[in-house]
Structure formats: structure tokens, C-alpha cells
Amino acid sequence: STFTFGRGGFQGARGSDTGGDFFVEGVMEELDSPGEFFFNETSKQLFLYFNGTGAPPPSVELDAPQLDTLVNISATRWSPAANISFTSVTFTAAAPTFFAPHAVPSGGDWALARRGAVLAEGTVGFTVDGCTFDRLDGNGLMLSGYHREARVVGSDFSFLGGTAIALWGRTNETAEEGTGGPAAGIDGTDGNHPDLTLLEGNTAREVGIYEKQASFFFQAKAARSTVRGNVFFNGPRAGLNFNDGFAGGDEVANNLIFSTCRETGDHGPINSWDRQPYLTTTRTGAPSLVMQWRSIHHNLIIDNFSPQEDVDNDDGSAYYDTHHNVLVYGSTGLKSDYGGHDNRHHENVYVYVDVAVATWKAEMQGGHADYFYGNKVVLRKETVTMQPGVCIGPGKAVIHSNQYFTQTGKVKECEMDLAKWQELGNDINSTVAVLPTASTIISWATDVLGIGFPEPAFV
């Protein structure tokens, strides 16, 4: 037999040397699951595998989406579209984009199509308020290039082929300028990116139905985003993905995130990478390769699918301040690897993690250590850490004033009993005790998150 493949195969960014998954369309023999269809172009017959209980009704109305973008706002940073608002609008039935051209937005693993059911570029004061994004076969909302003070509030995203909300800025071109190459230079000082975006009070679920490199919120080459008071669940990979260390100044607060990483073995509910330096002015007002701190606080994150961390600061990630969160399950509290540094976890509650701190190939320089302090850590194992970047070196992690809990009431750190390790001047003021009760853990969580359950009133 002869197989002829059309254009494609680049969409996933990572590739595979051993034969990765790929999409095939238009094969009658593969029509074997509810919701699938096959269109015979010769006979003009449409075959649909009915997705319902019992026989299909005698009369069925079918929608065949032709457009992957339902609304397109195109302007520039020099002449932006100002104060456009969508309120209580439903967006549905957009065509899939998994065969569309994709690009790698920055130094992370993922590739995306710069498309969405709502695609906007070049806006000031753009607002999406109380809208519904439902059954869209690509991305929901794509904020591309220049944006200032965009707001996405009180909206619902469900059953999407790709990512719910994506921010993807542009930097100065590389040597490929004028040849159709990506805007992939390191210089972001011209401000051609989303800045001061607010996402608040939204829900997102059942995303990444077709594209598994998909999340509820994705950010590449964007600055000072606020992701606050949202509920995110049921996605194939990371719930929030910071694809790079561009600019910083972002805040992730008061969110509920669970049931992520359901179809992949990598990532945690929040993921970050920082493999590529970017020149921006966000940190000090002057051009700098160092991003402003990102703050992750007062979130409830339940890592009930991922084998990794609730906050997965991967591959050089730096300048993350993670505090006052309740982080349930996962393998590790603080993670720092492959050159990662300046990551701080404090005043968090970790519930049933394997180890408190883990680093890998992240021996930090003096003055750029990771910090882990003031946390309550309920451990499945009896090890705080045993990684070289935590135990030795001029920039070893600064660990102190934590409360550890294990089944036996004993714990080791850097292959020593905690007391022995403390005699050497390490992990001062930390303690270890037996596992707390469930009600105790819940009381810690409500205290940290600032929520309470009033006593029932009887009348």
C-alpha cells in the first residue's frame, strides 16, 4: 500500500523519535466512536456515529462549522482598537485548528496556532464579560500581539479543542525578518505584547479535546497578567502555563484548580519554563534580562492526576513567589531544576506530597538561592530532601521554620536525621510530628486561604 501524507506533523512542537501520536482524517474504517463522522466526497453522503442513547431521532439538524475564527479584531499598537466589549455573548461551533499552521511561541515545549474563536490583536480596554465559549474545536480566546488592560471576567469556557484563553505577544524579529519567520527575537522593549490583562471570575473545563498541549490559561511573551478568582478543571495538561520568563509581574491568586494533567505524564496544575532570556522594562523601568517576580498565592490546587508538582517550576524558572496556598497531592513541594533559582515557597500547606524540596541540576549561585520556610508539609515519605542543590554549595536552598508531618513522626534531610542536620546549622526552627487529622488539615487550609465555614444556624 502507498500512504501519501499532506502538510503537517509539526503541530506538537516536541516531535518523537519513536513514533508519536498523529491525527488522521477522512478514513471510513476509523468511524468507530460516538461523535465521529465521515464525509464521502464522491457520493456526497455524510456518515455520523450517533452520540446519544438509543436510535437517532427521525429528524436531525447538524451544524458543520466552516470558520475557526468567529470574531477577528485586527489593529496595531500605533493605532489600537479601543474599548471594544462583548457582554453576554455565546460563541459556539468554530472549526478545528489542529491541522492549521502552528508555531512555537517562546522557549517552552508547546506549539500553538495563533488563532481563536475570538482573535484580537492591537487593542486597549478590550473586554469579554459574562460570555460563553462552548463547543469550539480550536482555541477560545486568543490575545495576540499588542494589548493593554484587556479584561476577561465572569465568562465560561467549555468543551474546547484547544486552549481556553491564550496570550501571545511579539518580540523584535530575528534574522528571518521579512521571510515569514516567527517574531522570536529576545527584545521585547517595544511593548508589542499583552500587558495588564485581567482574568477574573471565569470557569473553564473540558479543554484540549483535540490538542493536548492545551490549558485553561496560556501565556507567552506577555506581562503583568492577573489571574484571580477562577475555577479551572478537567484538562489534558497544565491548567496554567507560563511558557517563558518574559517580563513578569504576574499574579495568580484565589483560584480553584483541579483535575489537570489527565492525559499526560508531565507537568503540574501550574507549569512554567524559562529557557530563553528576554529584554523588557517591567522589572525596573530600564531594559533588563531579569523578569519581575511572579506571585502565586491563596490558591487551592488539587493535583489529583499529575505525578509531579502542584507548581511545576521547570527548566530554569526563576523569580516565583509562591505563598499562602493549599497544595494537595503531587510529588514535591518546591521544584527547581536545570538552572532554576530564586524560587520561594513560604506559608503554604502541602497535603500528602512525597518530599518537600527537590532540585535537579540547579546548583545555585550565592545570592540566588531558593527559599522554603514557614510551611506545613504533610509527607507521604520520610524525606524533606536529598538533592545536591539543596544540601551543598554556596547557593544551597535556604530552608527553615517549617513543620513536617510523617506517619512515624521522623524525617530525614540530606540523608541525616533532622536533628543531626540542624546541629550543623541547617533547617533551623523546623519540627517534625506524626500525621495530623483530616479536620486539622482542613482548619489549616481555611486559615491560610482566609475562608471559613460558619456554624449552622438552627431555627
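I began with Asp195, which is buried because its relative accessible area is 7%. The model I am reading is predicted.

**Entry: the partner of Asp195**

I looked for what Asp195 pairs with. Its side chain meets that of Arg224 in a salt bridge, 2.6 Å from N to O. Arg224 lies in the loop between strand E17 (217-220) and strand E18 (226-228), while Asp195 is in strand E14 (residues 194-195), so the bridge ties together parts 29 residues apart in sequence. Is Arg224 buried, partly exposed or exposed? Arg224 counts as partly exposed, because its relative accessibility is 34%. Asp195, by contrast, is buried at 7%.

**Entry: other salt bridges**

I asked how many salt bridges the structure holds. The total is 17. I went through two others.

Arg380 bridges to Asp354, and the closest N and O atoms are 2.9 Å apart. Arg380 sits in strand E33 (residues 376-385) and Asp354 in strand E31 (residues 349-360), so this pair ties together parts 26 residues apart in sequence. I checked cover on each side. Arg380 is partly exposed, with a relative accessible area of 45%. Asp354 is buried, with 18%. The cut-off for buried is under 20%.

Lys335 and Asp337 also meet through their side chains, at 3.7 Å from N to O. A salt bridge is counted within 4 Å, so this pair qualifies. Lys335 counts as buried at 10% relative accessibility. Asp337 counts as buried too, at 6%.

Which residues are linked with Lys335 and Asp337 in a network of salt bridges? I found Glu309, Asp312 and Asp314 in that network.

**Entry: nonpolar patch on the surface**

I turned to the surface next. Phe37, Phe39, Leu46, Leu48, Val60 and Leu62 form a nonpolar patch there. Together they have about 590 Å² of accessible area. I wanted to know which strands supply the patch. Strand E1 (37-40) and strand E2 (45-48) each give at least two of its residues.

Leu46 is placed in strand E2. Its relative accessibility is 46%, so Leu46 counts as partly exposed. Patch residues must have over 30% relative accessible area, so Leu46 passes that cut-off.

**Entry: cavity**

Rolling a probe the size of a water molecule over the atoms shows where empty space is left. How many cavities of 30 Å³ or more are there? I count one. The largest cavity has a volume of about 50 Å³.

I then listed its lining. The residues are His102, Ala111, Leu112, Ala113, Asn139, Gly162, Thr163, Glu211, Gln213 and Ala214. By type, the lining divides into four nonpolar, five polar and one charged. Glu counts as charged, so Glu211 is the charged residue in the lining.

**Entry: positive phi**

Most residues other than glycine have a negative phi. I noted two with a positive value.

Asn83 has a positive phi of about 60° although it is not a glycine. Asn83 lies in the loop between strand E4 (81-82) and strand E5 (85-87). At 61% relative accessibility, Asn83 counts as exposed.

Ser259 has a positive phi near 55° and is likewise a residue other than glycine. I found Ser259 in the loop between strand E22 (256-258) and strand E23 (270-272). Is Ser259 buried or exposed? Ser259 counts as buried, because its relative accessibility is 9%.

**Entry: distances along the chain and in space**

I compared sequence separation with distance for two pairs.

Phe3 and Tyr338 are 335 residues apart along the chain, and their C-alpha atoms are separated by 41 Å. Phe3 is placed in the segment before E1. Phe3 is exposed, with a relative accessible area of 68%.

Asn172 and Asn72 are 100 residues apart in sequence. How far apart are they in space, C-alpha to C-alpha? I get 24 Å. Asn172 is in the loop between strand E13 (165-168) and E14. With a relative accessible area of 29%, Asn172 is partly exposed.

Notes. Residues are numbered from 1 along each chain as its sequence is written. This is a predicted model: local features need pLDDT of at least 70, side-chain atom pairs count only at pLDDT 80 or more; totals for chains, interfaces and linings use all residues. Side-chain values use heavy atoms; hydrogens and water are left out. Patches are made of residues with over 30% relative accessible area and no salt bridge: like charges are joined within 9 Å, nonpolar side chains (Val, Leu, Ile, Met, Phe, Trp, Tyr) within 5 Å. Accessible areas come from the Shrake-Rupley method with a 1.4 Å probe; for residues, only the protein chains shown count as cover. Helices (H or I, at least four residues) and strands (E, at least two) are DSSP runs, numbered from the N terminus. Buried means under 20% relative accessible area, exposed over 50%, partly exposed in between (1.4 Å probe, protein chains only). On a 1 Å grid over the protein atoms alone, a cavity is a set of points where a 1.4 Å probe fits but cannot get out, and a pocket is an open set with protein on both sides within 12 Å along at least five of seven lines; lining residues have an atom within 4 Å of a point. Grid points are joined across faces, edges and corners, and a volume is the space filled by probe spheres set on the points.
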